[in-house]
Amino acid sequence: TSSLVITEIMYHPADPTAAEIAAGFLDDNDFEFIEIRNIGDSTISLLDVRFTKGIDFDFAGSAITSLAPGAYALVVNNLAAFEFRYETGLPVAGEWSGNLNNAGERVKLSYGAGQAIQDFTYDDSEDWPEGPDLTGSSLVLRNSTVAPDHALGFKWRTCLHHHGTPGVTANI
């Protein structure tokens, strides 16, 4: 599980468009997502993996229970809203409970009984990029092929694509 990396966090999405509002998606939080990636050389079982801080989500019984090398999985706040904004067919494991805090908060991806895979607090100040809190862009790792210290804000950047790049590598 050391090859499992959180690569993108959409914690403050852009406001819903007129079409999204007409479709019933009134809250920008509906479009939140977190992306994970397997940066290792072998398939990883997600059966004992869960998000336990920031959001609550258990991969056991989800739509994605393993990740091949280089593969991504997404967990989203509202699947219908997510698919309306982005598209269907992206690697969505399922919906979480809770919302991400726009001012930053602790996110913990755990294995088993709580062993931390990734445990850090993102922010929108200090050495953290402020763009994801202002522009409707996501927070992405500068290098999604190595396991960084997620707690270091300078390891992250504002995604260059409005709304982020869920399920694909974000180009710098």
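**Stop 1: a ring cluster**

Select Phe-25, Phe-31 and Phe-84. Ring pairs link these three into a cluster. Keep in mind that this is a predicted model.

Phe-25 and Phe-31 form an edge-to-face aromatic pair. Their centres are 6.4 Å apart, and the angle between the planes is 75°. The count for the model comes to 10 aromatic pairs.

Arg-85 lies over the face of Phe-31, at 3.8 Å from the ring centre.

**Stop 2: Asn-78**

Keep Phe-25 on screen and select Asn-78. Asn-78 sits in the loop between strand 7 and helix 2, which covers 79-85. Beyond its neighbours up to four places away in sequence, Asn-78 touches Phe-25, Asp-30 and Glu-95.

Next, show the backbone of Ala-81. Its nitrogen lies 2.9 Å from a polar atom of the Asn-78 side chain. Asn-78 has 19% relative accessibility. The cut-off for buried is under 20%, so Asn-78 counts as buried.

**Stop 3: Asn-29**

Move to Asn-29. Asn-29 is in the loop between helix 1 (18-22) and strand 2. Which residues does Asn-29 contact, leaving aside those within four places in sequence? Select Asn-77, Asn-99 and Asn-102 to see these contacts. Asn-29 counts as buried, at 15% relative accessibility.

**Stop 4: the largest nonpolar core**

In soluble globular proteins, nonpolar side chains tend to be buried together. Here, the largest nonpolar core has 30 residues. Which members touch the most others? Select Ile-6, Ile-9, Ile-34, Ile-36, Phe-51 and Phe-59.

- strand 1 (4-10) and strand 2 (33-38)
- strand 4 (49-53) and strand 7 (72-76)
- strand 9, strand 10 and strand 11 (139-141)

Strand 1 gives the most, with 4 residues.

There is also a second, separate core, with 7 residues. Among them are Met-10, Leu-74, Phe-82 and Tyr-86.

Go back to Phe-59 and show its contacts. Not counting residues up to four places away in sequence, Phe-59 touches a list that includes Ile-36, Leu-46, Phe-51, Ala-73, Val-75 and Leu-109. Arg-50 and Thr-65 are also among the residues that Phe-59 touches.

**Stop 5**

Switch to a cartoon view. Strands of a sheet pair through backbone hydrogen bonds, either parallel or antiparallel. In this model, 4 strands form an open sheet in the order 5-4-9-10, with antiparallel pairing. Strand 5 (57-58) and strand 10 (115-121) stand at the edges. Each has a single partner strand, so one side of each is left without a neighbour in the sheet.

Zoom in on strand 9 (residues 106-111) and strand 10. They pair in the antiparallel sense over 6 bridges. Where is the bridge partner of Lys-108? Select Asp-119, in strand 10.

Follow the chain from strand 9 into strand 10. The two strands form a hairpin with 3 residues between them. In the turn, Gly-112 has a positive phi of about 65°.

**Stop 6: His-163**

Most residues other than glycine have a negative phi, and most peptide bonds are trans. Now select His-163. His-163 is not a glycine, yet it has a positive phi of about 80°. His-163 is in the segment after strand 12 (156-158). With 18% relative accessibility, His-163 counts as buried.

**Stop 7: Gly-70**

Finish at Gly-70. Gly-70 lies in the loop between strand 6 (66-67) and strand 7. Gly-70 is partly exposed, with a relative accessible area of 30%.

Show Arg-37, Asn-38 and Gly-40 next. Gly-70 touches these three, not counting residues up to four places away in sequence. Then select Thr-43. Thr-43 and Gly-70 are 27 residues apart along the chain, and their C-alpha atoms are separated by 9.1 Å.

Notes:
Residues are numbered from 1 along each chain as its sequence is written. This is a predicted model: local features need pLDDT of at least 70, side-chain atom pairs count only at pLDDT 80 or more; totals for chains, interfaces and linings use all residues. Side-chain values use heavy atoms; hydrogens and water are left out. Two strands pair if DSSP finds at least two bridges between them. A nonpolar core is a set of buried Ala, Val, Leu, Ile, Met, Phe, Trp, Tyr and Cys residues joined through side-chain atoms within 4.5 Å. Buried means under 20% relative accessible area, exposed over 50%, partly exposed in between (1.4 Å probe, protein chains only). Contact means heavy atoms within 4.5 Å. A polar contact is a pair of N or O atoms within 3.5 Å; within protein, one must be able to donate a hydrogen and the other to accept it, and residues adjacent in sequence count only if both atoms are side-chain atoms. Rings of Phe, Tyr and Trp (its six-membered ring) pair if their centres lie within 6.5 Å; planes under 30 degrees apart count as stacked, over 60 as edge-to-face and the rest as tilted. A charge sits over a ring if NZ of Lys or CZ of Arg is within 6 Å of the ring centre and within 35 degrees of the ring normal.
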